[in-house]
Amino acid sequence: MENSNTKRHTLKVALMTAVITISLVIVICVFFVSPMIVSGTSMYPTLENGDLIFVNKIGRNNIELNDIVVYQKPDSDILVIKRVVGVEGDTFKLGHKGNNEFNLLKSVNNSYEKICNLDLVQYSTLYNLYGDTFTIPKNHIFTLGDNRANSNDSRNYGYVSIENLVGKL
């Protein structure tokens with residue numbers, strides 16, 4: 001009889017431990033940190049297709065330049081991973097040299113530095129959204145993939161609202 005009670009007690013303890021552990025993992029993943037698998041090459045070489053990353057959901061309210069963030073792409077349910085190159089108050093300018101050379105320039109210390117090349121579609125998209133010079137508004141960021149030639153990012157859809165952020169790496 002005593003042996004049966006000991007087994008029952010051990011089973012209860014094991015079951016309670018499992019329930020508590022699973023509950024903690026769920027709470028942590030929902031509110032604090034979430035694991036994700038990188039899909040695609042837009043952040044190469046920093047992140048590669050198939051890499052496991054952990055997204056800090058608490059950090060979404062403290063975004064700085066060069067942070068790598070995960071957000072819901074505007075007007076979509078797709079989650080993307082990109083680098084922050086512009087925060088509230090940063091000013092950008094669209095540059096155009098010759099027939100086929102388009103650039104995105106950022107104001108740094110009263111001059112403009114080239115951030116990246118733009119193709120004609122990206123140049124047209126940004127120009128149609130904001131004109132040739134634009135400043136990142138409050139509660140928004142501007143993002144680019146590290147693999148500039150193979151990234152669908154703010155050059156294609158404009159600013160990203162802080163509300164769309166899932167978190168940062």
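Let me start with a definition: buried means under 20% relative accessible area, exposed means over 50%, and partly exposed is in between, with a 1.4 Å probe and protein chains only. By that rule Tyr 130, at 22% relative accessibility, counts as partly exposed, while Phe 134, with a relative accessible area of 3%, is buried.

This is a predicted model, in which local features need pLDDT of at least 70, side-chain atom pairs count only at pLDDT 80 or more, and totals for chains, interfaces and linings use all residues. Residues are numbered from 1 along each chain as its sequence is written, and side-chain values use heavy atoms, with hydrogens and water left out.

Next, the rings. Rings of Phe, Tyr and Trp (its six-membered ring) pair if their centres lie within 6.5 Å; planes under 30 degrees apart are stacked, over 60 edge-to-face, and the rest tilted. The count comes to eight aromatic pairs. In one of them, the ring centres of Tyr 130 and Phe 134 are 5.0 Å apart and the planes are at 35 degrees, so this pair is tilted.
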